[in-house]
Amino acid sequence: MTTDFDFTSYIHLVPFLGSILGDQSEVILYSFEDLDHSVIALHNGHISGREIGDPVTSFALSKLKDKGKEGPPYYLNYLSLSKNNTPLRSNSLFILDKQGNPKGMLSINTDVSKYQQAAELLQQLAFMPLLSGEKNNPDDSERFVASPKEMILSIVDEVTIALGVSADRLTATEKVEIVRRLNEEGFFLMKGAVAQTASILGSSEATIYRYLSTVNREKSDK
């Protein structure tokens with residue numbers, strides 16, 4: 001196709017970029033001289049199903065009214081569809097003459113369907129119950145700790161971080177919450193658990209027993 005604008009350097013870019021980007025990406029060069037036969041060069045045309053001599057895209061037509069003067073003359077990461085409705089990630093650069101008039105467009109379309117499938121597979125392999133959006137029963141989860149003391153400290157950290165306070169400023173209500181969490185973990189089935197909890201929370205063993213009584217009473221009332 002002959003045009004009044006020299007596309008020579010852009011035509012060389014098409015196979016150059018296509019070879020760099022690989023088999024999943026297509027590079028298309030459009031001329032706006034004849035919108036009904038706009039495609040003048042392409043690489044990996046099977047991605048979108050386009051061919052030399054095909055008309056300009058509806059996207060290009062919708063942007064032509066801007067004349068390349070409203071913001072930068074390129075559009076990044078927008079969705080387009082191939083002829084068989086495969087979703088493509090597209091990026092397009094409008095080619096302007098010295099007066100700023102659009103003369104053509106260089107587009108790169110990438111078939112991301114395989115990446116999406118890989119991402120879905122990785123998501124399945126990396127499945128974590130607490131990330132699934134479903135409410136989990138504390139009895140169904142497992143906490144890996146090196147010692148009973150570490151278990152107490154980890155739960156104290158979770159509560160204090162959530163509340164935005166330091167451990168030495170915990171109120172009685174907040175300490176009850178820690179005891180409740182430890183109780184849900186079955187911590188108090190271990191020998192010496194009450195004494196260790198009392199030591200870390202700065203409370204007496206009698207107080208911890210009172211908290212436990214409160215927690216168990218609430219649980220039985222539900």
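Visitor: What makes Phe-16, Ile-20 and Leu-21 a nonpolar patch on the surface?

Guide: In this predicted model, these three residues share about 310 Å² of accessible area. A patch takes residues with over 30% relative accessible area and no salt bridge, with nonpolar side chains joined within 5 Å. Phe-16, Ile-20 and Leu-21 are therefore listed together as a nonpolar patch.

Visitor: Where is Phe-16 found?

Guide: Phe-16 belongs to helix 1, residues 8-21.

Visitor: Why are helix 6 and helix 7 called roughly perpendicular?

Guide: The axes of helix 6 (residues 193-201) and helix 7 (residues 205-221) cross at roughly 105° and come within 8 Å. Angles of 65 to 115 degrees count as roughly perpendicular, so the name applies to this pair.

Visitor: Which residues make the contact?

Guide: Helix 6 contributes Val-194, Ala-195, Thr-197, Ala-198 and Leu-201, while helix 7 contributes Glu-205, Ile-208, Tyr-209 and Leu-212. By class, 7 are nonpolar, 1 is polar and 1 is charged.

Visitor: What makes Asp-54 and Lys-83 a salt bridge?

Guide: Their side chains meet at 3.6 Å, N to O. The cut-off is a Lys or Arg nitrogen within 4 Å of a carboxyl oxygen of Asp or Glu, so the pair qualifies. The count by this rule is 3 salt bridges.

Visitor: Which parts does the pair tie together?

Guide: Asp-54 sits in the loop between strand 2 (39-43) and helix 2 (58-64), and Lys-83 in the loop between strand 3 (74-81) and strand 4 (87-96), so the parts joined are 29 residues apart in sequence.

Notes
Residues are numbered from 1 along each chain as its sequence is written. This is a predicted model: local features need pLDDT of at least 70, side-chain atom pairs count only at pLDDT 80 or more; totals for chains, interfaces and linings use all residues. Side-chain values use heavy atoms; hydrogens and water are left out. Axes are lines fitted to C-alpha atoms, for helices over the stretch in contact, and angles run from 0 to 180 degrees between N-to-C directions. Helices (H or I, at least four residues) and strands (E, at least two) are DSSP runs, numbered from the N terminus. Angles under 35 degrees count as roughly parallel, over 145 as roughly antiparallel, 65 to 115 as roughly perpendicular and the rest as oblique. Contact means heavy atoms within 4.5 Å. Ala, Val, Leu, Ile, Met, Phe, Trp, Tyr, Cys and Pro count as nonpolar, Asp, Glu, Lys and Arg as charged, and the others, Gly among them, as polar. Patches are made of residues with over 30% relative accessible area and no salt bridge: like charges are joined within 9 Å, nonpolar side chains (Val, Leu, Ile, Met, Phe, Trp, Tyr) within 5 Å. Accessible areas come from the Shrake-Rupley method with a 1.4 Å probe; for residues, only the protein chains shown count as cover.
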